[in-house]
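This report describes a protein–DNA model, beginning with the surfaces that face the DNA and ending with the nonpolar cores.

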Protein chains: 2
Amino acid sequence: METLAKWRTPPPVLSDAVYQDLLERILSGVYKPGEVLRQEELAARYLVSRVPVREAMSRLASDGVLVFRPRRGYAVKLLDAREIEEVFGLRMLIEEHAGRLAAQHRQPDDIRGVAEILDKMDALDRQSANGMREWLELNRKFHAELFAASRRAHVCRVAASLRDTVEPYIRLEATITGTFDQADAEHREIFEAFQRGDADAVGRLCRLHCEHTAGRLKQGLGQRDQPISRTPEGT
Amino acid sequence: METLAKWRTPPPVLSDAVYQDLLERILSGVYKPGEVLRQEELAARYLVSRVPVREAMSRLASDGVLVFRPRRGYAVKLLDAREIEEVFGLRMLIEEHAGRLAAQHRQPDDIRGVAEILDKMDALDRQSANGMREWLELNRKFHAELFAASRRAHVCRVAASLRDTVEPYIRLEATITGTFDQADAEHREIFEAFQRGDADAVGRLCRLHCEHTAGRLKQGLGQRDQPISRTPEGT
DNA sequence: GACTTTCGTTTTGGATACAATCTACATTGG
DNA sequence: CCAATGTAGATTGTATCCAAAACGAAAGTC
């Protein structure tokens with residue numbers, strides 16, 4: 001038998017799988033900000049022991065998605081309005097930078113990849129709950145793929161981390177108001193500048209896009225007092 | 001007996017202690033970029049089991065200080081010149097922002113705290129190896145304390161993470177060249193602007209400070225080919 | 001001689017076990 | 001009736017154990 005080993009896909013690591021799924025569930029609001037995550041419960045859900053669950057959670061805590069209170073477990077990070085504004089302030093900086101770099105370093109494949117995501121978003125039924133959910137996932141993917149074209153791993157890492165931190169709130173707001181039109185239009189604009197390699201425009205538009213998202217969020221979630229559970233927060 | 005429990009110091013979490021010490025050792029170059037960290041070895045060093053060690057390492061990996069390759073363990077992140085430049089590009093953005101916010105939101109205590117650090121740095125003997133080490137630690141602390149005055153946890157988190165990513169290289173360069181004068185002067189300048197609450201100046205100076213550090217690094221480490229071990233890297 | 005293949009060792013990933021701590025609730029005393 | 005106390009159960013943090021994968025060196029093959 002010849003060297004099969006070289007071709008075999010490397011064995012998956014449970015904590016990675018848990019990390020991914022847990023992140024997805026937090027971003028999509030299955031676990032709400034402030035909610036405490038029980039290790040045993042999650043271990044049972046994923047049919048693993050608590051060890052990989054704990055590892056996944058400690059990573060999510062470093063990402064800023066969870067908070068850790070010793071001996072009291074991990075909870076979904078709960079942001080107040082001021083913190084949301086803070087994160088968006090950072091996103092505006094980083095994403096302008098990332099957008100500019102993306103436009104400068106993009107390859108033909110990148111344009112195709114991003115275009116594909118936009119097309120998929122166009123095809124969705126924004127009225128159905130399912131369509132909304134898919135739109136939101138594709139929305140996240142759009143930005144990730146766009147920035148990935150910069151070929152700058154650290155830029156992408158920071159941008160993704162910041163985005164993930166506020167993503168639950170973005171999705172909450174979008175689900176409530178159901179307005180995707182402005183975002184759609186801005187995505188198209190960004191894409192067009194990206195396609196023609198206009199770095200300054202992409203940067204400027206990305207920053208604006210952040211700013212507008214922050215504005216919608218502020219308005220949409222501003223009135224409602226914390227709709228969230230009662231966990232007193234640190235970090 | 002009255003409620004003693006409330007006064008007892010909350011029980012320490014081993015993985016936190018390991019995280020802290022491990023980070024310090026990585027930043028100070030005890031574990032060099034590219035080096036693989038054995039779980040058993042570290043567990044023995046800290047007299048704990050491998051579990052808290054793994055947890056600490058998974059956090060450090062999320063911070064960008066370590067890289068994780070499934071089933072092959074964690075290694076100290078090895079950056080090439082391009083990545084170092086990338087990180088400094090981000091730092092210039094973030095730290096200008098952070099510096100500005102710090103100047104705007106600083107309290108009297110913050111000024112005292114930062115001044116104290118600068119004084120300690122002044123008092124050190126920069127020739128001795130020990131003095132250098134202390135200077136480098138205080139240098140890190142200076143920036144952390146300065147930015148902390150912004151009262152913006154997310155800003156501080158991102159700034160610290162980016163700084164930690166390149167800190168081993170900063171310390172390596174500084175240890176080799178032994179030139180602290182420019183940094184000292186810039187710290188003083190930043191502090192003075194910080195003291196008088198000149199947000200624009202602090203922002204501008206922080207950005208410049210980053211730029212200069214990056215420049216020194218590029219020159220100091222540019223010539224030497226990777227002095228590091230042989231680990232082939234991903235992420 | 002270079003390239004596999006084998007096999008033993010090392011090291012990792014994960015499960016289980018157990019002690020320490022926290023939480024909730026019932027009880028007591030004022 | 002309310003606050004403080006005590007206690008049982010739930011939950012976390014860590015140690016220990018085991019199977020599987022990676023590594024390295026020796027032996028075999030063309």
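The surface near DNA strand C divides into eight nonpolar, five polar and seven charged residues. Here Ala, Val, Leu, Ile, Met, Phe, Trp, Tyr, Cys and Pro count as nonpolar, Asp, Glu, Lys and Arg as charged, and the others, Gly among them, as polar. The model is predicted: local features need pLDDT of at least 70 and side-chain atom pairs count only at pLDDT 80 or more, whereas totals for chains, interfaces and linings use all residues. Residues are numbered from 1 along each chain as its sequence is written, while chains are lettered from A and ligands numbered from 1 in the order in which they are written.

**DNA surfaces**

A residue is near a strand if its C-beta atom, placed from the backbone, lies within 6 Å of it. Helices are DSSP runs (H or I, at least four residues), numbered from the N terminus.

| DNA strand | Residues around it | Nearest residues |
|---|---|---|
| C | 20 residues | A:Leu14, A:Ser49, A:Arg71, B:Gln39, B:Gly73 |
| D | 20 residues | A:Gln39, A:Gly73, B:Leu14, B:Val48, B:Ser49 |

Helix 3 of chain A gives the most to the surface near DNA strand C, with three residues. Near DNA strand D, helix 3 of chain B gives the most, also with three residues. The surface near DNA strand D comprises eight nonpolar, five polar and seven charged residues.

**Relation and contact of the two chains**

The same surface serves both copies, since 96% of the contact residues of chain A recur in chain B.

In total, 25 residues of chain A are in contact (C-beta atoms, placed from the backbone, within 7 Å) with 25 residues of chain B. On the side of chain A that touches chain B, helix 4 of chain A gives the most, with seven residues. That side has 11 nonpolar, five polar and nine charged residues.

**Nonpolar cores**

A nonpolar core is a set of buried Ala, Val, Leu, Ile, Met, Phe, Trp, Tyr and Cys residues joined through C-beta atoms within 7 Å; a buried residue has 20 or more other C-beta atoms within 10 Å of its own. The largest nonpolar core has 79 residues, and those with the most contacts inside it are A:Ala102, A:Phe147, B:Ala102 and B:Phe147. Helix 4 of chain A gives the most to this core, with 11 residues.

Note on methods: Helix = DSSP H or I, 4+ residues; strand = E, 2+ residues; numbered from the N terminus. Contact = placed C-beta atoms within 7 Å. Buried ≥ 20, exposed ≤ 12 C-beta atoms within 10 Å, placed from the backbone.
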